[in-house]
Every structure is written in structure tokens, then in C-alpha cells.
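Please walk me through this structure in the viewer. Tell me what to select at each stop and what is there.

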Amino acid sequence: MKDVAFIELKTTGHGVLEMPSGTGKTISLLSLIVAYQKAFPLEVTKLIYCSRTVPEIEKVVEELRKLMEFYSKQTGESNNFLALALSSRKNLCIHPEVSALRFGKEVDGKCHSLTASYIRAQRHSTPDVPVCRFYEEFDAVGRQVPLPAGIYNLDDLKDFGRRKGWCPYYLILHANIVVYSYHYLLDPKIADLVSKELAKNSVVVFDEAHNIDNVCIDSMSVNITRRTLDRCHTNVDTLQNTIQKIKETDAAKLKMEYRRLVEGLKEANVARETDVYLANPVLPDEILKEAVPGNIRTAEHFVGFLKRFLEYLKSRLRVQHVVQESAPQFLKDIFDKVCIDRKPLRSVSATLSYFYSFTIIIEPFEDRTPTIANPVLHFSCMDPSIAIKPVFQRFQSVIITSGTLSPLDIYPRILDFRPVTMASFTMTLARTCLCPLVCNYPQTHTFKNTLTLTLVDSVIRNYGNLLLEMSAIVPDGIVAFFTSYVYMENIVASWYEQGILENIQRNKLIFIETPDAAETSMALEKYQEACENGRGAILLSVARGKVSEGIDFVHHFGRAVIMFGVPYVYTQSRILKARLEYLRDQFQIRENDFLTFDAMRHAAQCVGRAIRGKTDYGLMIFADKRYARADKRGKLPRWIQEHINDGSLNLTVDEAVQLSKHFLRQMAQPFRQEDQLGLSLLTLEQLESEEMLQKIAKIAHQT
Amino acid sequence: IALSSRNIFSVAHRYMSCRPMSSLSEEVLLVVKKVRQRKQDGTLYLMAERIAWGPEGKDRFTVSHLYADIRCQKISPDGKAKIQLQLVLHTGESTTFHFSNESSALKDRDAAKELLQQLLPKFKKKANKELEEKNRMLQEDPVLFQLYKDLVVSQVISADEFWANRLGDINNADPTSSNNKQEVGISGAFLADIRPQTDGCNGLRYNLTADIIESIFRTYPAVKEKYSENVPHNLTEKEFWTRFFQSHYFHRDRINTGTQDIFSECAKQDEKGLKSMVVQGVKNPLVDLLSLEDKTLDEGYGFCKTFPSTSNSNRTVKESSNSAIIKRFNHHSAMVLASLQFLTSSTDGNSRDSDFFQPPVKKVKLQEVIEYEDLQRENRPKTVALNLKKSDRYAHGPVPLQSQHYTTSQDIINSVNYIRHEMLNYKPNLTQVLSSTTASSAIAALSPGGVLMQAATQQAINQMVPTEVQGELKHLYAAAGELLRHFWSCFPVNTPFLEEKVMKMKSNLERFQMTKLCPFQEKIQRQYLSTNLTGHLEEMLQTAYRKFHIWQTRRMLRKT
């Protein structure tokens with residue numbers, strides 16, 4: 001691991017690493033990069049560590065704090081490193097009223113209404129306009145004062161802000177290490193604000209990156225519903241009124257404002273040429289080079305133009321049937337219908353210039369409810385590489401890492417970059433602490449054209465029996481994943497009718513994920529509580545759901561994970577179909593390959609939730625015989641694959657129960673440090689011994 | 001030692017049911033005349049601790065059950081010609097009373113039922129616990145089970161005696177459990193336990209016990225409220241439960257339509273409860289799905305994977321019934337958990353709104369997550385938690401049998417010093433050792449096969465005796481050991497109770513010898529095996545007898 005990443009840093013290239021979770025992926029990357037930073041402060045100035053969820057981000061900072069403590073203990077000198085976590089206002093706000101709001105959007109809105117420049121300007125004339133005192137304080141004093149060196153987690157930042165009376169969200173950041181969410185780097189709408197000043201010789205790490213292609217696509221796609229357009233309409237009206245008013249009072253001022261807008265675009269061009277900023281994928285170079293088109297230079301023109309465009313979109317949303325077209329077609333249609341030329345549109349929504357990577361789909365209704373009109377215009381990106389391209393181009397090293405990245409070669413292909421290194425590590429285990437089993441269930445359902453499920457009754461009963469048997473022998477927590485929410489709902493209903501759930505209740509409490517996040521959070525917490533006392537609990541959950549993506553089930557919170565079926569994505573979605581087509585045409589990736597890859601990475605994610613380290617243990621039960629096929633098995637991460645042998649394939653419920661019993665009994669024995677020493681845990685002396693160095697070199701060579 | 005335990009097994013039961021009507025000092029709570037049992041007319045008495053029935057014109061009870069022995073009562077369905085009440089005992093036996101007073105049979109039966117309903121739960125807990133405990137001990141310990149069979153089933157000693165100090169041990173072993181009872185949560189499956197049975201004529205029968213009712217009340221406080229509101233003013237208890245089981249509330253997969261249903265309000269209250277739980281949010285930030293995502297700017301844009309909208313308007317009936325089931329299970333499990341109030345209250349309410357309290361929980365959770373057990377630096381010596389059976393003994397050290405043998409630590413230090421001193425000055429006296437020939441012959445004699453080692457080569461018993469005899473012998477030893485333990489535990493005999501016990505024990509021992517040991521001796525004689533086998537057993541018994549005689553003569557002396 002060290003060697004591999006080291007090569008990468010040296011050669012300033014990009015890399016892909018797969019390493020089982022809980023084996024210290026984060027800490028080894030951090031320590032390595034920090035060491036490198038210390039040794040060559042000029043070559044690597046900054047580490048940007050991107051993770052997915054807020055808890056993950058905070059975890060990374062805590063690990064970093066540990067590392068730094070270790071440094072200062074070993075060297076005896078204090079560090080002058082500044083590392084901090086960045087997050088949205090919701091997580092950083094210290095204003096007593098604003099921070100009490102529960103939703104990010106509300107916090108943002110409220111904050112904006114207290115700190116926006118025009119509000120603050122108003123305050124000069126009418127002093128009773130409320131403003132945020134923390135921001136005022138910060139603006140008056142804090143702007144010039146750098147943050148003292150140290151490790152700042154979100155709470156530390158808040159603390160610091162409270163002590164000083166400054167708003168932590170706006171603290172200026174010249175940190176050596178920044179930890180934040182992917183979106184800050186990938187989503188053009190945010191990256192523009194936060195990340196564009198990052199130095200070129202930074203190292204970027206994307207942790208938990210198994211879904212990075214989806215994040216890229218998300219960040220470049222837009223859905224427009226009728227509601228969006230209505231709101232848009234009122235906003236344009238307001239704008240028009242304001243312009244009208246200003247025009248009456250102060251024509252000169254208006255001109256200036258507008259000039260500033262245009263100047264801004266030009267400046268962006270200058271800045272990019274001098275390589276100060278991270279390129280914004282929404283504003284490609286060639287656009288900036290062209291002058292801002294003349295016919296939208298005045299304010300009325302601009303508003304009129306917006307209105308026409310809006311009307312056009314509205315008319316498109318009135319369709320009765322599904323429409324799918326490519327970007328050029330769309331532009332041509334606009335030109336025909338409302339006489340808007342391509343050029344001005346480009347500067348407004350310049351993404352269209354990547355013509356072929358985008359598609360436009362207009363659906364008049366949801367598939368499930370064909371009678372209720374709910375038109376949506378999906379403007380969807382099909383090429384994940386667009387969003388991430390500036391990152392690869394700009395930074396010298398980008399490392400993509402996760403517990404489940406298999407098969408490794410597909411990521412460079414879909415993200416369109418050339419990695420210097422690719423490696424998949426397995427765990428060296430003193431005891432086999434994971435036990436993957438594949439049960440011999442046939443395929444349970446088929447998706448017909450609509451979302452009606454065909455459920456095979458006998459298989460549902462079999463699934464229920466498996467869960468029932470497992471609930472009797474597995475201690476503490478069991479997590480079961482279904483392939484989709486609708487599917488789970490139906491199975492739960494038939495289990496209820498068949499009385500299976502009641503029997504399960506004799507052994508464990510049952511909690512079920514719902515579409516509502518707050519409700520699910522509650523269920524999750526209760527689930528953990530139930531695991532901590534009594535006979536434990538079962539959590540029924542959905543692959544690709546929020547639980548499967550962000551929640552770990554360490555130790556007794558997940559002693560067994562059952563994956564019912566293969567979590568294929570819902571293939572009838574038009575957006576997906578378009579994307580598959582695109583992948584086939586542009587990257588020569590076959591539809592089935594991609595779908596299997598996608599299903600398997602989600603399955604691996606789900607089952608991987610239970611193992612969080614070498615002292616942990618858990619059963620992984622794949623309840624579908626398709627997992628036994630080579631094409632599926634081969635796409636599981638190596639650290640899971642190597643524990644699947646012929647004996648654990650095609651099992652009946654009884655066989656699976658027998659194997660599980662045996663496994664659980666073995667695992668329940670005390671596991672001490674001495675058992676691991678020398679095998680999966682090395683003392684410093686052992687690590688430095690000649691023999692071990694050779695062994696490590698050999699492993700590094702293989703990978 | 002608690003001697004309160006009652007036997008729950010059949011043997012003792014027989015003793016009790018034959019108990020004459022002598023102890024009439026008991027408080028009689030209810031007398032019902034004209035009650036038939038086994039086609040015999042008689043009178044039913046409900047007393048403070050037991051229920052009894054005596055045939056007409058006799059002055060003794062032929063049926064008598066302690067309430068603690070009764071598992072449950074059953075009544076004949078309304079409309080049946082015979083109005084009956086059945087008592088089911090823990091042993092599985094049952095007694096049926098037929099109320100035959102034409103005019104007031106139903107009233108009589110209900111009066112008895114009501115009273116029993118109040119009385120039984122009081123005795124039940126204790127009995128249940130003991131019963132469970134005893135059962136568990138017998139199941140876990142095959143030796144004990146064998147003993148039980150040898151001694152109790154064959155009537156050498158009574159079950160009460162058998163359990164007397166067994167259970168005492170348990171109580172001693174875990175003093176906390178007897179003093180402050182651990183609160184028991186409710187089973188997650190209590191609703192599963194009331195699966196209806198069809199009664200053959202197009203109806204369903206639900207069996208309710210006091211436990212289940214309590215579970216329902218604790219899990220669904222709204223139902224309890226309804227119960228106290230409506231019973232017995234508006235509805236009888238039976239009607240209430242009938243409606244409960246018919247209600248949409250109980251069958252949550254049916255869609256709530258009827259409004260006259262008294263439970264529809266409960267459903268609403270439950271929903272409210274669930275909602276308030278949801279609004280309260282979670283304490284552990286690591287499981288808060290709402291704050292997981294760190295992206296607020298583009299909500300509403302993007303290709304967000306929205307679940308199908310949950311509003312009821314565009315969902316089919318089936319779908320909303322499905323989601324009702326899911327909600328119900330979540331709620332049910334949460335309520336079952338919440339019944340462990342003492343636990344939830346102790347986990348310190350870090351309410352969401354007080355931001356200042358939040359960091360601690362969060363910090364702790366974060367630290368937990370990034371800690372690798374196997375990489376911990378400081379190797380704290382792993383200790384085994386001490387499980388003390390008698391903590392005072394641990395605190396005071398072993399109590400000396402005879403005080404003069406007690407050595408103080410000073411004595412020990414002195415003697416160690418003395419030995420050390422001796423060792424320092426030790427000089428081997430080489431002129432006075434054994435001659436080499438004597439030494440080697442001594443070694444030879446002490447080696448296996450040597451003259452002095454003859455005894456050790458005595459053939460192991462397992463080669464001489466057939467296995468079944470061995471097994472029998474083992475059982476005999478175990479049984480004798482048990483009896484002797486009882487016997488010796490009576491000394492010193494300083495209370496009248498112990499006196500009585502020691503007498504009984506002695507006779508028990510004698511009976512054992514007669515009924516068990518002697519037949520075995522005869523048997524091995526018949527098989528021409530060495531009678532030596534039981535020598536030790538007899539010796540033990542003789543010692544006990546001797547002790548008994550000494551004690552008895554002393555007592556006689558004292559008395560005279």
C-alpha cells in the first residue's frame with residue numbers, strides 16, 4: 001500500500017486503490033501523505049480529502065488528530081499543521097436561531113437573509129434590520145486573522161467561532177489539509193464557490209468512492225418540473241419589476257450592475273489562463289473566449305430572453321407522450337419555435353456544448369401512475385468524466401479509494417483517466433472473520449414493462465424461512481437487504497400474511513426502513529438499542545437506500561447480512577437506458593457488464609457494512625444463486641472473493657444454517673492480540689525484520 | 001435458606017390434595033354451593049392461598065390446589081349447556097368444576113372466575129419464576145436430574161426437601177436478584193402468542209392471559225386508556241377484547257374505514273406517538289440519515305433518486321396497506337423497547353434542541369468508531385471479572401475451622417525467615433545417609449510394580465466391572481452424596497427445625513440403604529463381583545449413623 005501510493009505521489013499521477021474497510025485505509029493514506037508533505041513541503045502543498053457523509057468527514061478529522069498527536073509525541077515538537085473540515089452552513093452555523101432550523105435549505109436561506117450584502121447595506125440606513133452578529137464580528141475583525149494551527153473538526157470550528165464571536169462558516173481557509181464532501185469539488189455549483197482557489201500541487205483523495213460516477217452525473221444533471229418553472233416565472237417577474245423600478249430611478253446604476261456581470265465572465269477567462277482557478281466544467285474555455293453575445297447585453301433583453309426560454313420549456317412540458325432527444329436536437333427545436341439562437345443559450349447554459357454527453361427526456365407522468373400528470377424534464381448527463389475532468393487535469397495526484405471498487409479497471413474507463421497505479425488489497429487475517437455463503441434460490445421476480453412485480457410465492461416463503469432460521473441462531477443484530485423498496489414492501493406484506501414475521505418476532509425485534517429518512521433514523525437508533533440489550537433485532541433495508549450507503553454495522557450491530565436477490569438497478573428507467581446506450585457507444589462497455597458491475601458493487605457495499613475491522617466478524621449471506629456464477633462472483637471485491645469456496649456455494653437453508661452455526665461458534669471464542677501478532681498485526685521489530693520487508697515487497701509486486 | 005418453595009411436581013401434589021380439612025383457620029373468600037366435580041355434588045371454596053372442593057356431606061376436601069400451582073383457568077363458552085370452569089395446573093393436569101345451580105350457575109361461575117382472575121396473577125409470578133428456575137436447573141444439569149429421579153421420584157425424600165437448599169444456593173449466589181428484582185421487559189412476540197384458533201363453527205378463539213393483557217397495555221398505552229374508559233361502564237371485559245380483536249386497529253393491514261370503531265382513535269394516537277418519536281430525532285449523530293448528506297445547494301435540482309411519493313392520494317390500497325404494516329412493525333418494536341423504561345431513561349436525554357449537550361455523545365461515538373481494538377497501545381492486562389458467590393467470604397478470607405490453627409501473617413513471615421535461616425545453614429551430613437543398596441531397593445519398591453506400589457496396580461474399577469454396574473454405582477454415589485450433604489448440613493443442630501430435619505434425614509438415609517443400596521449389593525453378589533465396591537458407601541453411611549447416635553445420646557442426656 002505504502003509503496004503504491006508513494007509511486008503515485010512521486011510521479012504525480014492518479015491512482016485507484018481498493019482496500020477492505022476497517023483495515024486502516026484512511027489512516028495509512030493520511031499518514032503517508034502527511035509524511036510526504038512534511039518531507040517535501042514544496043511538492044505537495046495541500047491535501048484535499050473528500051468523503052461522502054458528514055460522519056465520515058468527522059471521522060477522518062479525528063483520525064488526523066490522532067496522527068498529529070502521535071507525531072508530536074514522537075518528535076516532541078508541536079505541529080504547525082492546519083487541518084480542518086468544511087461543511088454546509090447547517091453543520092457550522094452558531095447563530096442561536098438559525099442553527100435551530102432542521103433543514104439545510106432553511107438554514108441557508110435564513111443565513112442569506114441575515115448576511116447578504118444588500119441587507120447589510122440596508123442596515124446602514126435603517127438600523128433595526130436584523131443581521132447576524134457573528135458575521136458582522138467576523139467581517140470587522142476576523143477576516144484578517146488566520147486560524148491558529150491545529151486540527152479542527154466541525155465542532156472545534158464552532159467552538160472557536162463561539163469563543164471569538166466569529167462566524168465559522170466564513171473563516172478564511174489556508175489549511176494544509178482540508179476535509180470535505182465530494183460535492184465541494186465535483187458539483188460545479190458549489191465547487192465554484194469553495195474549491196476554485198486550491199493550489200495545483202495538491203493531492204486529492206476521494207474516499208468511499210465506489211459511487212463516484214453517480215455523484216458526477218448527479219452534479220451535472222437537472223430535473224425540471226412544472227413547479228420549478230412556476231417559481232422561475234415568479235422570480236423573472238420580480239426581476240422585471242425591479243429593473244423597471246430601478247430604471248425609472250437610476251438608469252446609470254443599472255448599467256453598471258449589468259456591466260459587472262459581464263465583466264465577471266471576462267475576468268473568469270483571464271484567471272483561468274493564468275491558472276489560478278480550478279476550471280469550472282460548466283464554463284468551458286471556448287465559451288469564455290467568445291465575447292458575451294451582444295443581444296443579451298442589456299437588462300431588458302436579458303429578461304425578455306429568459307421569459308421566452310421559460311415559455312418554451314413550459315410548452316415542452318405540456319407533452320402527452322415521452323420525448324427523448326439529444327442536445328443538438330433540442331437546440332434546433334428552440335431555434336425553430338422561439339427563435340433563440342444557439343450562441344446566447346450557450347453562455348446561459350453552456351453545458352449544452354458537450355452535445356453528445358447529454359440527453360433530454362421529457363416524461364409526462366410517472367410510470368407507476370400513468371393517470372396523474374406530473375411532467376418532468378430530465379436534462380441528464382451521461383458521462384461522469386465531465387464533472388471530474390477538471391479535478392484530474394488540475395491536481396497532480398488524485399487517489400480514488402474505497403472498500404469496494406471491483407473490478408478496478410472499470411473506474412478509469414468510465415471516468416476517463418489514466419491511473420499510474422491500481423491496486424486491490426486483501427486482508428491478512430489471523431482468523432477468517434467473514435463467512436460468505438451463497439444460497440441456491442432461483443431468481444425471484446421479473447420486472448415487466450411497468451413496475452408490477454411478479455413475485456414467486458415459494459421463493460418468498462423460502463426467504464422467510466432463511467431469515468427465520470438465521471434469527472434463531474445469530475446473536476444480536478441481523479441486517480437484511482432487498483433489491484428495491486417496492487419489492488421489500490411486497491415481501492414484508494406476504495411474510496406478514498404467512499405469519500413468518502410473527503415467528504421472527506419470537507427471536508428478535510423487527511425494524512424496517514421506510515422512504516422517510518427521519519422515520520428510518522428513528523428505526524435505526526432503536527435497532528441499535530435493541531442490539532445492545534435483549535435478543536437483538538433485525539433491520540430490513542434496501543440496497544441503494546440511505547442505510548446501505550451510509551451506515552456501518554460494526555460488531556454486534558451486524559453479525560449477519562443477508563442480501564436477498566441481486567440489486568440490479570431498475571432498468572426500465574429512460575435515463576438509465578440512455579446512459580447505457582451512451583456507455584456502449586462511447587466506452588464500448590456492454591450494457592450487461594455495466595449493470596452487473598453496478599449491481600455487484602451495491603451488493604458488496606451492503607454486505608461489507610458488517611465487517612469493520614479484523615476484530616469484527618460477520619456472516620454474509622447472498623440469497624440468490626446467480627451470485628455463484630463466475631461473472632458475478634468475479635466482480636466482488638477480492639477480500640470477499642477469496643473467502644468464497646465451492647463449499648459455500650449453492651447451499652440450502654439447512655446447509656447454510658449448519659455452516660453459520662459452526663462459524664458463529666468459532667468466532668465467539670475470545671480473540672486476543674497475541675493471536676494476531678506476527679500474522680495480521682506487526683510490532684515495530686517485526687515490521688523492520690528482513691523477512692517481513694521481503695514479504696511486503698512481494699505483495700506490493702503482485703498488486 | 002428459603003424454604004418457601006413449593007413442589008411443582010406430581011409427587012408433592014398428591015400429598016397436598018389429600019390434606020385434611022384441618023387447617024380451617026384460613027380465610028375463606030368465596031363459597032359456591034352446588035358445584036359438581038367428577039359427577040359428584042359438592043361445594044367450592046376459594047381461600048386466601050388455595051382453591052378447594054369438598055363433596056357434599058363430607059368434612060374434607062378431595063380437591064385442593066394452591067393458586068401458585070395453577071397455570072390458568074378456562075371457562076366454557078357462552079351458550080354451552082354445561083357451565084364449567086377448568087383449572088389447568090403447571091403439571092398439565094386439570095380439574096373441571098361444573099356449576100349446576102340452575103338459577104345462578106352463570107353468576108356463580110363468573111364470580112369464581114373474577115376472583116380467581118384477581119388472585120392468580122399474585123401467586124403466578126413467584127411460582128413461575130421458581131418453576132422456570134427449577135426446570136432450567138434440571139435441564140442443564142443431567143447429574144441433578146438423575147438425582148432428582150433417584151431421590152424424589154422414587155420417594156426417598158420429598159421434592160421440597162430436595163429443592164430446599166438447591167434453591168437456597170441460587171438465592172445466595174445472586175443476592176441482588178432476590179433483593180431488587182430485575183425488571184422484565186415484554187416479549188416481542190406477544191401478539192404472535194395470541195394466534196386465534198378456529199373453534200369449529202365459523203368463529204375464532206383468542207386465548208388471553210393476564211401476561212398478554214399486560215403486554216398489550218404496556219406496548220399500546222392507548223388501548224389501556226380505552227380499557228379504563230370503557231370497562232366496565234360501557235362494555236364488559238369480554239366485549240372489549242372481542243372488539244379489540246375485530247378492530248382494524250389490531251389488523252393493521254386492513255385500511256381504516258369505520259369511524260365508530262373505538263380503536264380508530266388509538267391508531268391515530270399511535271401515529272402521533274410515532275411521529276413525535278420521529279420529530280424528536282436521534283441522539284446518535286452517526287445514524288441520523290437526515291444530516292448524512294453534506295450538500296444543500298442543489299436540493300431539488302439534480303437527478304435525485306426520489307422514492308415514489310408517499311402521499312396517499314396516488315397510492316393504491318394495497319400499497320398503503322403495505323406501508324401501514326411496515327409502520328406498524330416499527331412502532332411495535334419501538335414500543336416493546338420503550339417498555340424497558342428504566343433503560344431509556346438512564347441513557348441521558350441529550351435532547352436535540354440543546355446544541356451544547358450534543359458534542360459529548362457525538363465525540364464518544366466518533367472515538368468509538370476510529371478506535372481499533374487490536375491496535376490499542378497500552379496493553380492493559382486483560383482481567384476476568386470476579387464472580388463472587390459470597391462476597392463477605394471474599395472480604396474476610398477463608399474462615400478457619402478451628403481458631404488455634406489460624407496463623408497470622410506475622411507467623412508466616414517468621415516461619416519463612418526461619419526456613420530461610422535454616423536453609424542458609426544447611427550442611428548435608430553425608431556420613432549418615434542410606435547406603436546405596438538400601439536406597440536402590442527402596443526406589444525399586446516405590447516404582448510401579450514394586451512391593452510398595454501393589455495397591456496402585458489394583459486393577460482400575462472400570463476394567464473389572466461392567467459398565468452398567470458402574471453407571472449404577474455412580475448414581476448411587478451421587479444420590480448418597482446428596483443425602484449425606486443434607487444430613488451433615490443439619491449440624492450443629494441448634495433449632496427445633498433442624499432437629500426434625502436431622503431425624504428425617506437419618507430415616508431417609510436408612511431408607512436409601514434399604515431400597516437402593518441393599519438391592520445393588522445383592523445384585524453384585526449375584527454377579528460374583530467383589531462386594532468391596534460398596535464398602536466405601538457403607539462406610540460413609542455408618543459414619544453418618546454414628547454421628548447421629550452420638551448426637552441422639554447427647555440429646556437424651558441433656559433432656560434427662
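Across all chains, this predicted model holds 29 aromatic pairs. For one of them, select A:Trp495 and A:Phe564: the ring centres are 6.0 Å apart and the planes stand at 75°, over the 60 degrees required, so the pair counts as edge-to-face. A:Trp495 belongs to helix α21 (residues 485–498) of chain A and A:Phe564 to strand β19 of chain A, so the pair ties together parts 69 residues apart in sequence. Both A:Trp495 and A:Phe564 are buried.

An open sheet of 6 strands runs in the order β13-β20-β19-β16-β18-β17, with parallel pairing. At its edges are β13 (434–439) and β17 (509–512), each with a single partner strand, so one side of each has no neighbour in the sheet. Neighbouring strands here are turned by 15° against each other on average, direction ignored.

Zoom in on β16 (residues 478–482) and β19 (residues 560–564) of chain A, which pair in the parallel sense over 4 bridges. Which residue of β19(A) is the bridge partner of A:Ala480? It is A:Ile562.

Next, select helix α20 (residues 457–473) of chain A. This helix lies across β13, β16, β18, β19 and β20 of chain A, and runs at about 180° to β19(A).

In chain A, the charged end of A:Lys38 sits over the ring of A:Tyr71, 4.9 Å from its centre. In chain B, B:Lys506 lies over the face of B:Tyr545, at 5.8 Å from the ring centre.

Definitions and conventions:
Residues are numbered from 1 along each chain as its sequence is written. Chains are lettered from A and ligands numbered from 1 in the order in which they are written. This is a predicted model: local features need pLDDT of at least 70, side-chain atom pairs count only at pLDDT 80 or more; totals for chains, interfaces and linings use all residues. Side-chain values use heavy atoms; hydrogens and water are left out. Two strands pair if DSSP finds at least two bridges between them. Helices (H or I, at least four residues) and strands (E, at least two) are DSSP runs, numbered from the N terminus. Axes are lines fitted to C-alpha atoms, for helices over the stretch in contact, and angles run from 0 to 180 degrees between N-to-C directions. Contact means heavy atoms within 4.5 Å. Rings of Phe, Tyr and Trp (its six-membered ring) pair if their centres lie within 6.5 Å; planes under 30 degrees apart count as stacked, over 60 as edge-to-face and the rest as tilted. Buried means under 20% relative accessible area, exposed over 50%, partly exposed in between (1.4 Å probe, protein chains only). A charge sits over a ring if NZ of Lys or CZ of Arg is within 6 Å of the ring centre and within 35 degrees of the ring normal.
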